[in-house]
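Hi there,

Here is the structure I promised to pass on to you. Have a look at it first, and then read on for my notes.

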Amino acid sequence: MAVYTDVAADELAEFLQQYDLGELLSYKGIAEGVENSNFLLHTSKGSFILTLYEKRVAKNDLPFFLGLMTHLAEHGVSCPLPVKAKDGEALRELSGRPAAIITFLEGIWPRKPNATHCAGVGEGLARMHLAGANFAVRRANALSVSGWRPLFGAAANRADEVQPGLRAFLAAELDDLESGIWPTHLPEGVIHADLFNDNVFFLGDKLSGIIDFTFACNDMFAYDVAICLNAWCFEPDHSFNVTKARAFLNAYGRVRKLSEAEEAALPLLARGAAIRFLLTRLVDWLNVPPGALVKPKDPLEYFRKLRFHQSVSSARDYGLMPSGLVA
């Protein structure tokens with residue numbers, strides 16, 4: 001979550017007249033995140049989150065995101081619910097941007113995730129994968145392997161400003177991933193595709209909610225698992241924490257067991273997940289809008305993670321035994 005587009009108080013108060021949410025008491029921008037503009041609203045009827053969807057999010061995709069949240073909540077996943085306006089529609093426009101209000105979830109995101117948090121995320125992710133199985137609307141993953149080359153093209157000329165040799169490193173990795181080795185026949189369904197620690201809330205050690213579905217799409221479940229291995233199982237010094245990975249994978253497997261083919265593909269999928277976030281962070285790092293109330297995330301964090309995954313020989317290096325049981 002972040003703030004790219006500011007909203008004046010009188011403009012917001014007029015906007016809220018379209019809803020049955022009472023009087024606006026206060027609001028503030030949420031600086032965390034990198035994609036959309038988000039605000040915490042306090043009204044006489046409670047607290048809510050207002051999101052203005054910025055340019056990377058296609059307007060035509062918004063019914064998918066809003067419908068998915070409703071579907072998942074109806075199937076036992078703790079996530080925000082879109083708030084419908086008086087005319088029964090959840091999607092509107094504010095400050096020239098598509099906008100929606102969602103319910104507020106209690107909890108805090110873990111700044112320093114531990115193995116217990118990782119286990120909670122593993123279970124929550126697996127339950128989300130199962131709950132989305134009969135969601136009828138589909139959305140392709142625009143940031144899968146076919147979307148990485150355009151991102152590289154947008155940043156290639158300045159990549160070496162971030163780190164010498166980065167352009168050649170990325171080009172070589174993309175050449176390999178595009179050579180036909182990317183999996184195409186693993187189990188698929190709705191994935192979150194961005195389940196970082198700031199998108200998961202906890203109350204104590206118990207997961208209380210999953211938020212921010214603006215990258216959700218249809219893709220391989222194991223790719224979502226690989227994204228989480230990247231997001232949750234590395235330390236601040238960029239070392240891989242196999243204890244956290246075991247906790248995550250074990251909890252996921254108790255709800256939805258990975259197939260042998262999914263396990264075998266994990267190192268490759270983790271490389272793909274790493275280069276996806278390396279590239280989007282690199283583009284953002286080089287193109288921060290003037291005046292944006294957001295700090296871009298370091299792309300080199302994912303350069304280091306990618307280097308680790310390139311050295312992995314099998315899923316056993318992530319804590320999985322060949323039998324599928326976690327060590």
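**Cysteines**

Let me start with cysteine 217, which is buried, with a relative accessible area of 0%. Please keep in mind that this is a predicted model. The closest cysteine sulfur to that of cysteine 217 belongs to cysteine 228 and lies 13 Å away, which is too far for a bond. A disulfide is a covalent bond between the sulfur atoms of two cysteines. How many disulfides does the structure hold? The count is zero. Cysteine 79 is likewise in no disulfide, and its nearest cysteine sulfur, again that of cysteine 228, is 16 Å away. Cysteine 79 is buried too, at a relative accessible area of 7%.

**Helix 3 and helix 7**

Two packed helices are described by the angle between their axes and the distance between the axes. For helix 3 (residues 115–131) and helix 7 (residues 221–232), the axes come within 11 Å and cross at roughly 160°. Helix 3 is therefore roughly antiparallel to helix 7. The crossing of this pair is right-handed.

Is alanine 226 buried or exposed? At 0% relative accessibility, alanine 226 counts as buried. Leaving aside neighbours within four places in sequence, alanine 226 is in contact with Leu266, Leu269, Ala270 and Ala273. Lysine 295 is 69 residues from alanine 226 in sequence, and their C-alpha atoms are 25 Å apart.

**Helix 4 and helix 6**

Helix 4 (residues 145–155) packs with helix 6 (residues 166–181) at an angle of about 160°, and their axes are 10 Å apart. These two helices are therefore roughly antiparallel to each other, and their crossing is left-handed. Helix 4 brings Val145, Trp148, Arg149 and Phe152 to the contact, while helix 6 brings Arg167, Leu170, Ala171, Leu174, Asp175, Leu177 and Glu178. Sorted by class, that contact has seven nonpolar and four charged residues, with no polar ones.

**Two residues with positive phi**

Most residues other than glycine have a negative phi. Serine 95 is not a glycine, yet it has a positive phi of about 55°. Where is serine 95 found? You will see serine 95 in the loop between strand 4 (92–94) and strand 5 (97–103). Its relative accessibility is 23%, so serine 95 counts as partly exposed. Apart from neighbours within four places in sequence, serine 95 is in contact with Thr5, Asp6, Val7, Glu11 and Leu52. Proline 110 is 15 residues from serine 95 in sequence, with 32 Å between the two C-alpha atoms.

Histidine 238 is not a glycine either, and has a positive phi of about 75°. This residue sits in the loop between helix 7 and helix 8 (242–255). Histidine 238 counts as partly exposed, at 27% relative accessibility.

Best wishes

Definitions and conventions
Residues numbered from 1 in each chain as written. Predicted model: local features only at pLDDT ≥ 70, side-chain atom pairs only at ≥ 80, totals over all residues. Heavy atoms only, no water. Axes fitted to C-alpha atoms, helices over the stretch in contact; angles between N-to-C directions. Helix = DSSP H or I, 4+ residues; strand = E, 2+ residues; numbered from the N terminus. Parallel < 35°, antiparallel > 145°, perpendicular 65-115°, else oblique. Left-handed = near helix turned anticlockwise from the far one by under 90°. Disulfide = S-S within 2.5 Å. Buried < 20%, exposed > 50% of the residue type's maximum accessible area, 1.4 Å probe, protein only. Contact = heavy atoms within 4.5 Å. Nonpolar A, V, L, I, M, F, W, Y, C, P; charged D, E, K, R; others polar.
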